[in-house]
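User: I am new to this structure. Please take me through it in short questions and answers.

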Amino acid sequence: MFIYIDGLLLVISALEALSQANNEGTGCYDYWFKSLLASLSGRGKMGSLVGASEDVKRAGIESSLNEYTVSMYRLTQSHD
């Protein structure tokens, strides 16, 4: 249990540092939400490359984006 809490605090402090380093405010999720929104907005129709952003087309289809989103959702819920 304590290892989980220590790990969570480490992740939260890293997210805060990332937001500050990118001048996105002082909240731990500010930069993360902005980059997640850009990732989700850049996806194509039905997860394909049709209508996808140039960044997504260059990188290809990321099949683990759904799993990543669920994991990050759980992280944000555990922080409350």
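User: Is Ser 19 buried or exposed, and at what relative accessibility?
Analyst: This is a predicted model, where local features need pLDDT of at least 70, side-chain atom pairs count only at pLDDT 80 or more, and totals for chains, interfaces and linings use all residues. Residues are numbered from 1 along each chain as its sequence is written, and side-chain values use heavy atoms, with hydrogens and water left out. Buried means under 20% relative accessible area, exposed over 50%, and partly exposed in between (1.4 Å probe, protein chains only). Ser 19 counts as buried, at a relative accessibility of 0%.

User: Which residues is Ser 19 in contact with, leaving aside its neighbours within four places in sequence?
Analyst: Ser 19 is found in helix α1. Helices here are DSSP runs (H or I, at least four residues; strands are E, at least two), numbered from the N terminus. Contact means heavy atoms within 4.5 Å. With those neighbours set aside, the partners of Ser 19 are Glu 24, Gly 25, Gly 27, Cys 28, Tyr 29, Asp 30 and Tyr 31.

User: How many helices and strands are there in the protein chain?
Analyst: From the N terminus on, the elements run α-α-α-α. The count is four helices and zero strands.

User: What is the phi of Asn 23?
Analyst: Asn 23 sits in the loop between α1 and α2. Its relative accessible area is 70%, so Asn 23 is exposed. Asn 23 is not a glycine, yet its phi is positive, at about 55°.

User: Which residue forms a salt bridge with Glu 24?
Analyst: A salt bridge puts a side-chain nitrogen of Lys or Arg within 4 Å of a carboxyl oxygen of Asp or Glu. A search of the whole structure finds one. Its closest N and O atoms are 2.9 Å apart, and the partner of Glu 24 is Lys 34.

User: Why does this pair tie together parts that are apart in sequence, and by how many residues?
Analyst: Glu 24 is partly exposed at 25% relative accessibility, and Lys 34 is partly exposed at 49%. Glu 24 lies in the loop between α1 and α2, while Lys 34 lies in helix α2, so the pair ties together parts separated in sequence by 10 residues.

User: Which residues do ring pairs link into a cluster?
Analyst: Rings of Phe, Tyr and Trp (its six-membered ring) pair if their centres lie within 6.5 Å; planes under 30 degrees apart are stacked, over 60 edge-to-face, and the rest tilted. The whole structure holds three aromatic pairs. Tyr 29 and Trp 32 have ring centres 6.4 Å apart and planes at 65°, so this pair is edge-to-face. The cluster links Tyr 29, Trp 32 and Phe 33.

User: What separates the C-alpha atoms of Leu 75 and Leu 8?
Analyst: Leu 75 is in helix α4 (residues 65-79) and is buried at 14% relative accessibility. Beyond its neighbours within four places in sequence, Leu 75 is in contact with Leu 8, Val 11, Leu 15 and Tyr 29. Leu 75 and Leu 8 are 67 residues apart along the chain, and their C-alpha atoms are separated by 8.0 Å.
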